[in-house]
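Hi,

Here is the structure I promised to pass on, sequence included.

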Amino acid sequence: MKERTHRERQQKVMCTKQRQKRMRLNMRSTFELPVDFGHVGAVLVENEDHKEVFLKSIVLDGFPNGPVHFTCDSWIQPKSDSHVKRVFFTDKLYLPSQTPTGLRLLREEELVLKRGNGEGERKSTDRIYDYDVYNDLGNPDSNIDLKRPVLGGNKQYPYPRRCRTGRKRSDADPLSEKKGSSFYVPRDEVFGETKQTQFTTTAISSGLSAVLESLDVILSDQNLGFVSFEDIDTLYKEGYQLPPLQASGLNLLQRVIPKLISAANDSQNLLRFDAPEPLKRDKFFWLSDEEFARETLAGVNPYSIELVKEWPLRSKLDPQIYGPPESAITRQVIEPQIIGYSTIEEAIQEKKLFMLDYHDLFLPYVSKVREIKGTALYGSRTLFFLTEHGTLKPLAIELTRPPMDGKPQWKQVFTSASHSSSHSTNLWLWRLAKAHVLAHDSGHHELISHWLRTHCAVEPFIIATHRQLSTMHPIYRLLHPHLRYTMDINSLAREVLISANGVIETAFSTKNYSMEISSVAYDQLWQFDLQALPNDLISRGMAVVDPNAPHGLKLTIEDYPFANDGLLIWDAIKQWVTEYVNHYYPSPSIIESDQELQAWWTEIRTVGHGDKSEEPWWPNLKTPKDLIDIITTIAWVASAHHAAVNFAQYAYGGYVPNRPTIARNKMPTEDPSKEEWEKFLNNPEQAFLEGLPSQIQSTLVMVVLNLLSDHSSDEEYIGQYVEPSWVENPTTKAAFERFSTKLKEIEGIIDSRNANCNLKNRNGAGVVPYELMKPFSGPGITGKGVPYSISI
């Protein structure tokens, strides 16, 4: 079959041309082709306008076998700016070896153009995908204190790669890039029109600055905390009054975050937040030990809880630097609390003890972080017991400070109110210890479960996909929905959230060392194979292989909402990927001979994640099963993993006492002066409030979590949006329809689980149902919906 570019013969061509300013045009043209031209496989497009245009699609009519469709979805630059004609292939897909002769050179040339030559500074109109290290997080030219280490490309700070921008080097630090007014993102990766309206670059970068500036007018002291819990409630009831409107109209904050503004009249402007869903259901939900434990299984960070597999607990850090490695959590502390088990060993054997372990990850940074005013970091361990009701009960929290400032290691164990007979001093110490652990969990969630394992780790997959897989490659089209908008939201994160003096450094316990810690986590904890949900659960001891159990796994905690619902989504994705891959790759030989596919996987391992290229756990890519496992893992991380750790952020973090992002003061029992101890005893509530994030830190985090938890109206949910190329082929069309039907069934299964009163981790008085794995959602903060991609 000789497929060639479309040049001549009378045909009707329908093209949707979209300009900025929401102007849409449907254009018709006629062409003439020789009778012996053959099948049309591609079109070359040139933009003779003086502005860029967005080409949605092209349809060629007049053929005996029906119209020929081209899905373009790409910005075309003016001819005056780009002398290269754009090529678009039909929706029919080809492996490289099956590419018709007339299209082979075009296929190769298009990939070469997208790779670029690795030189020069990228322009906003470019479509070039290339790699670089994270050397743009600091701003040393502005202030040398804002210098940050380069992440990636060195043994000290290994890290995934980001998209190359090619900006000039900093004058103050030649290893860093200069800060620019914007961060380059390939033109077709930028938010679409609807998304831009809901969440533009200005809305994040300028908007958050406006929050700080506006609040600074009202709150002269940025370290000012909440005086009472009523002050916190004011955020939802009365709001903060912002500076008055300027003569020019709405101030910046009102323009970029309109949903947070409530204007009572022309002269009164309020920054007001909607009460998070748990707070609406139960004003005191955050005080409950049961809720504290439940959120490890059904909250915003269900990826940290792990099974205790050995005793006693010991640190793996160097005792010469960090002090004695033995944990202060002893059997005398635990055994009186584990009802029905006489020894810890028996409880461990029966898989009844679980832990949040933030000890060895954070302890090396405690002394460094404490040099920064306004934070008090510890290494921590929190132990839980699985009750006969299938719920977790907190048993003990251990907080550790390493030797520092001439003082020896300090560590102490705090036990829950039920174990301490509700003695008032122990009760308040327990609440304070919980606040520290929650700050650790918030930091681990944002830096590792969320940023590192989804946003950051996926960017190299996106870059490699565009550089090595042609748009007519079946795997490119299978992955394409999972790549949408991620590079744009990541650039915004580098600009505002994870940058020096950004939101994370301003409002989280790990402060200026936050990104260093995420590099340590990448080095010590990240493995591609463990990003697959079943492998993740097994590695944490939360499941074991069981061929007779649903999904082939037996969960250690039967009522684990994230795992139960997540496995439904995992299986559905894997079945869809299996049918798709097996259609295009019926034998291993086709996998091994696919040069584009092999180059794609090699580049991911050796360049995109090059700092871990020699690790033995990277999967081979030799068989259809290998490819199915790889693609399922990438699709899972981009869709359901991200949904699980993102869309409940405001629900659980929007009320500061429930998930403080920072604990500003050390525990009252850590080397207290007489005055400090008496102050705590005389007013423990004040001590608790003073340890929470300041008013500005709290408001800043609430604005961010509100934005990140919000679905835009153009969200593309798994199983709902369909790529045109999938429909073009009857086999993949039928497979997708089965996938879509399965996801609709999952919606019903999750609803029935939430209605089951025996499942106490998702059902009960004041308990928020677990809906994060429900595939579909409307716009707004809904606490449900699984988009294909990391789009926010």
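Let me start with Glu 723, which sits in the loop between α26 and α27 (724–728); helices (H or I, at least four residues) and strands (E, at least two) are DSSP runs numbered from the N terminus. Glu 723 has 2% relative accessibility and so counts as buried, where buried means under 20% relative accessible area, exposed over 50% and partly exposed in between, with a 1.4 Å probe and protein chains only. Its side chain makes a polar contact of 3.2 Å with the side chain of Arg 477. (A polar contact is a pair of N or O atoms within 3.5 Å; within protein, one must be able to donate a hydrogen and the other to accept it, and residues adjacent in sequence count only if both atoms are side-chain atoms.) Setting aside neighbours within four places in sequence, Glu 723 is in contact with Arg 477, His 480 and Pro 481, contact being heavy atoms within 4.5 Å.

Before going further, note that this is a predicted model: local features need pLDDT of at least 70, side-chain atom pairs count only at pLDDT 80 or more, and totals for chains, interfaces and linings use all residues. Residues are numbered from 1 along each chain as its sequence is written, and side-chain values use heavy atoms, with hydrogens and water left out.

For the overall picture, the protein has 28 helices and 19 strands. Buried residues make up 60% of its 792 residues. Of the contacts with a separation of 6 or more, 73% are between residues 24 or more positions apart.

Ser 694 is in the loop between α25 (684–691) and α26 (695–708), and is buried at 0% relative accessibility. Not counting residues up to four places away in sequence, Ser 694 touches Gln 222, Asn 223, Leu 224, Gly 225, Phe 226 and Arg 664.

Now the second largest pocket. Which residues lie nearest its centre? They are Glu 306, Asp 357, Leu 525, Ser 539 and Arg 540, out of 33 lining residues. (On a 1 Å grid over the protein atoms alone, a pocket is an open set of points with protein on both sides within 12 Å along at least five of seven lines, and lining residues have an atom within 4 Å of a point.) α13 gives the most to this lining, with 5 residues.

Arg 540 itself is in the loop between α18 and β18 (543–545), and is buried, with a relative accessible area of 9%. A polar atom of the Arg 540 side chain lies 2.7 Å from the backbone oxygen of Ile 305. Beyond its neighbours within four places in sequence, the contacts of Arg 540 include Glu 306, Tyr 560 and Phe 562.

Trp 311 and Pro 312 are joined by a cis peptide bond, with omega about 0 degrees, and Pro 312 is in the loop between β13 and α8 (319–322). Tyr 485 is not a glycine, yet has a positive phi of about 70 degrees; it is buried at 8% relative accessibility. Asp 671, also not a glycine, has a positive phi of about 45 degrees, but counts as partly exposed at 38%.

Cheers

How values were computed
On a 1 Å grid over the protein atoms alone, a cavity is a set of points where a 1.4 Å probe fits but cannot get out, and a pocket is an open set with protein on both sides within 12 Å along at least five of seven lines; lining residues have an atom within 4 Å of a point.
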